[in-house]
Amino acid sequence: MALATANRELAAVKHMFSWACGTARKLPLAHPYLDKNPARSVWKETEDNVRDEILEPTQFENLQAHSAVYLCPINLVAYATGMRLGEILGLTWDKADLKGGFIRLKGEDTKSGEGRLIPLDLFPGLREMFKELHKTRALHEQHVFLHGGQPVRSLKGAFKAACKGAGITNFRFHDLRIQL
């Protein structure tokens, strides 16, 4: 069992015992089932979930060569900007300022709740890729990244297949953010 899984299960058990003691609620139980939480002194282990998988430029090129056509621009945006998958898949054309050379994310678009500007000129070819996508976009669809005319909602299987084809192991989409 993974350490993170054990910690989550321990937290659930501790909460159940707290509930039985009446301490998990604002109002205590009139007749608690337990006087004391027996799991109170059991501590969670420190999780070391740091990932150090970094793609070399040649590995990234190989990944792109094995990626589906719709996946390549998504990979490039993650690799070049450090944006999260949800930010990328939720990206709409009103947030892409191609003339100014920025992606403008609002607080509601980000996990941290803070808006930010992401420059498109820090990575060669990124702004041009957005311009090409804009030329071929469906006029009725505001999302930037489409597959079959519909917004891309998930790429788990496609990314996994691309990694397998490129011979890249122990690598997740989120690891592309580490490149910066």
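Modeller: Let us begin with the sheet, which is open and has 3 strands in the order β1-β2-β3, with antiparallel pairing. This is a predicted model, in which local features need pLDDT of at least 70 and side-chain atom pairs count only at pLDDT 80 or more, while totals for chains, interfaces and linings use all residues. Residues are numbered from 1 along each chain as its sequence is written, and side-chain values use heavy atoms, with hydrogens and water left out. Strands (E, at least two residues) and helices (H or I, at least four residues) are DSSP runs numbered from the N terminus, and two strands pair if DSSP finds at least two bridges between them.

At the edges of the sheet stand β1 (96–97) and β3 (116–119), and because each has a single partner strand, one side of each is left without a neighbour in the sheet.

Turning to the helices, the axes of α3 (residues 71–81) and α5 (residues 126–135) come within 11 Å and cross at roughly 150°; axes here are lines fitted to C-alpha atoms, for helices over the stretch in contact, and angles run from 0 to 180 degrees between N-to-C directions. That angle makes α3 roughly antiparallel to α5, a label given to angles over 145 degrees, whereas those under 35 count as roughly parallel, 65 to 115 as roughly perpendicular and the rest as oblique. Where they meet (contact means heavy atoms within 4.5 Å), Pro-73, Leu-76, Val-77, Ala-80 and Thr-81 of α3 touch Leu-126, Met-129, Phe-130 and Leu-133 of α5. By class, this contact of α3 with α5 has 8 nonpolar, 1 polar and no charged residues, where Ala, Val, Leu, Ile, Met, Phe, Trp, Tyr, Cys and Pro count as nonpolar, Asp, Glu, Lys and Arg as charged, and the others, Gly among them, as polar.

Helix α3 also meets α2 (residues 57–65), for their axes come within 10 Å and cross at roughly 155°, which makes α2 roughly antiparallel to α3. Here Pro-57, Phe-60, Leu-63 and Gln-64 in α2 are in contact with Cys-72, Asn-75, Leu-76 and Tyr-79 in α3, and by class the contact has 6 nonpolar, 2 polar and no charged residues.
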